[in-house]
Amino acid sequence: MLRAVYPGSFDPVTYGHMDIILRSCKIVDELIVGVLCNKAKIPLFSVEERVKMLEEVTKDLNNVRIVPFEGLLVDFASNMDASLVIRGLRAITDFEYELQMSQTNHKLEPNVETMFLTTSIEYSYLSSTTVKEIAAFGGDISQFVPDVVAVELRKKMSTKGECRK
């Protein structure tokens, strides 16, 4: 059985992330979407909120499981009995960073390989940061995130306060 981990912050999950999830789950027997709890960053959504949104948008994908994690990716992959890490690439700048991380991870855990998937062209510009910025200014984010995520993002912005007048 080929089990893979697709790690990320997913703050929030975008159609770019969904593109990688949908394509990855066709390649592997089981895809574990690892939701990173990174103490060095202050996310807009809690880990629990991100897990809940991901569970909702992947509910029809039978071989996808959403699991929060913290610490080293290779430790998480090993704990999940996954031999493969999937990473999405949008641009050449992503590749430079991801290559270094994959080589470091392979040095730490030689039994875990990394596979890169290039994001489909229609999502190559998209990032969670951009989506949050558009939402903060009251812009239409419906073309960037699933409906359930757009609703949660609008709620979050209304409690935090949008930047528009």
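Entry 1, aromatic pairs. I searched the whole structure and found 5 aromatic pairs. I kept in mind that this is a predicted model. I looked at Tyr6 and Phe10 to begin with: their ring centres are 5.4 Å apart and the planes meet at 75°, so I logged the pair as edge-to-face, which takes an angle over 60 degrees. Are these two buried or exposed? I checked, and both Tyr6 and Phe10 are buried.

Next I turned to Phe69 and Phe76. Their ring centres lie 4.2 Å apart with the planes at 10°, so this pair goes down as stacked. Phe69 and Phe76 are buried as well.

I counted 6 helices and 5 strands in the chain. Following the sequence, I wrote the pattern down as β-α-β-α-β-α-β-α-β-α-α. The radius of gyration came out at 16 Å, close to the 15 Å that the globule rule gives for 165 residues, so I noted the chain as being as compact as a globular protein of that length. Along its principal axes, the C-alpha trace spans about 55 × 35 × 30 Å.

I took the contacts between residues at least 6 apart in sequence, and 78% of them join residues at least 24 apart. Of the 165 residues, 46% count as buried.

Terms used. Residues numbered from 1 in each chain as written. Predicted model: local features only at pLDDT ≥ 70, side-chain atom pairs only at ≥ 80, totals over all residues. Heavy atoms only, no water. Helix = DSSP H or I, 4+ residues; strand = E, 2+ residues; numbered from the N terminus. Rg over C-alpha atoms; globule rule 2.2 N^0.38 Å. Buried < 20%, exposed > 50% of the residue type's maximum accessible area, 1.4 Å probe, protein only. Contact = heavy atoms within 4.5 Å. Phe/Tyr/Trp six-rings, centres within 6.5 Å; stacked < 30°, edge-to-face > 60°.
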